[in-house]
Amino acid sequence: MTQPFLYSVERTVHAPISKLWTAWTSAEELEEWYHPTDLKSLKGATTSELKVGGLWSCGVEVPEHGFIAYFFGKYLKIEELKKIEHTLHYTQSKDEFEIKDFETPSHLIVLDFEDHDQKSWVKFSQFGTLPEGEEKLAQAGMESYLDSLELFLTGN
């Protein structure tokens with residue numbers, strides 16, 4: 001089943017493609033930056049089994065609203081240094097996160113990468129459905145994630 005396009009965000013970073021790729025695919029590195037700039041990752045919740053059918057997961061602490069945002073999914077397509085496609089499931093329930101029920105509704109995430117010599121480009125595209133008005137919030141949130149990625153890659 002094809003899911004409708006929701007939005008995309010893109011960023012050029014001052015880092016080689018191999019460093020950008022590792023930031024997206026290493027559990028240790030994902031846990032360091034995969035959160036909006038004003039939030040933090042839940043330590044110990046991040047995994048990345050970089051193979052088709054492999055699991056990825058993470059948690060983001062949202063203390064202002066009193067919950068943890070849990071994300072998980074499976075890798076669907078991997079073209080090294082070029083493309084990643086994976087599902088994205090979301091819950092605020094620790095129990096649901098631990099079970100990782102892949103039958104729950106999900107989105108499709110497509111990550112495109114390009115090497116621009118010592119700079120790299122990434123495009124994050126999300127497909128699926130969201131309640132009215134939440135598309136812009138999701139897009140703004142992902143812009144903040146990419147701000148965190150850029151800070152992580154440049155050491156600032």
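Ser 57 stands opposite Phe 72 in strand β5. The strand that pairs with β5 here is β4, residues 55-62, while β5 covers residues 67-79; the two are antiparallel and share eight bridges. Strands, like helices, are DSSP runs numbered from the N terminus (E, at least two residues, for strands; H or I, at least four residues, for helices), and two strands pair if DSSP finds at least two bridges between them. This is a predicted model, in which local features need pLDDT of at least 70 and side-chain atom pairs count only at pLDDT 80 or more, whereas totals for chains, interfaces and linings use all residues. Residues are numbered from 1 along each chain as its sequence is written, and side-chain values use heavy atoms, with hydrogens and water left out.

Four residues separate β4 from β5 in their hairpin, and Gly 66 in the turn has a positive phi of about 70°. Next, β5 is joined to strand β6 (residues 83-91) by seven antiparallel bridges, with Lys 77 opposite Glu 85 in β6. This hairpin has three residues between its strands, and Leu 81 takes a positive phi near 65°.

The pairing continues from β6 to β7 (residues 107-116), again antiparallel, over six bridges; Lys 83 stands opposite Asp 112 in β7. Nine bridges then join β7 to β8 in the antiparallel sense, and Glu 114 has Trp 121 in β8 as its bridge partner.

Attention now turns to the nonpolar interior. A nonpolar core is a set of buried Ala, Val, Leu, Ile, Met, Phe, Trp, Tyr and Cys residues joined through side-chain atoms within 4.5 Å, where buried means under 20% relative accessible area (1.4 Å probe, protein chains only). The largest such core has 33 residues, and Trp 24 is one of those that touch the most other members. Leaving aside residues up to four places away in sequence, Trp 24 touches residues including Tyr 75, Phe 113 and Phe 124 (contact means heavy atoms within 4.5 Å). Another core, of five residues, lies apart from it and includes Leu 42 and Phe 72.

The largest pocket holds about 890 Å³ of space. A pocket is an open set of points on a 1 Å grid over the protein atoms alone, where a 1.4 Å probe fits, with protein on both sides within 12 Å along at least five of seven lines; lining residues have an atom within 4 Å of a point. Of its 32 lining residues, those closest to the centre include Phe 71, Tyr 90 and Glu 134. Helix α4 gives the largest share of the lining, seven residues.

Definitions and conventions:
Grid points are joined across faces, edges and corners, and a volume is the space filled by probe spheres set on the points. Buried means under 20% relative accessible area, exposed over 50%, partly exposed in between (1.4 Å probe, protein chains only).
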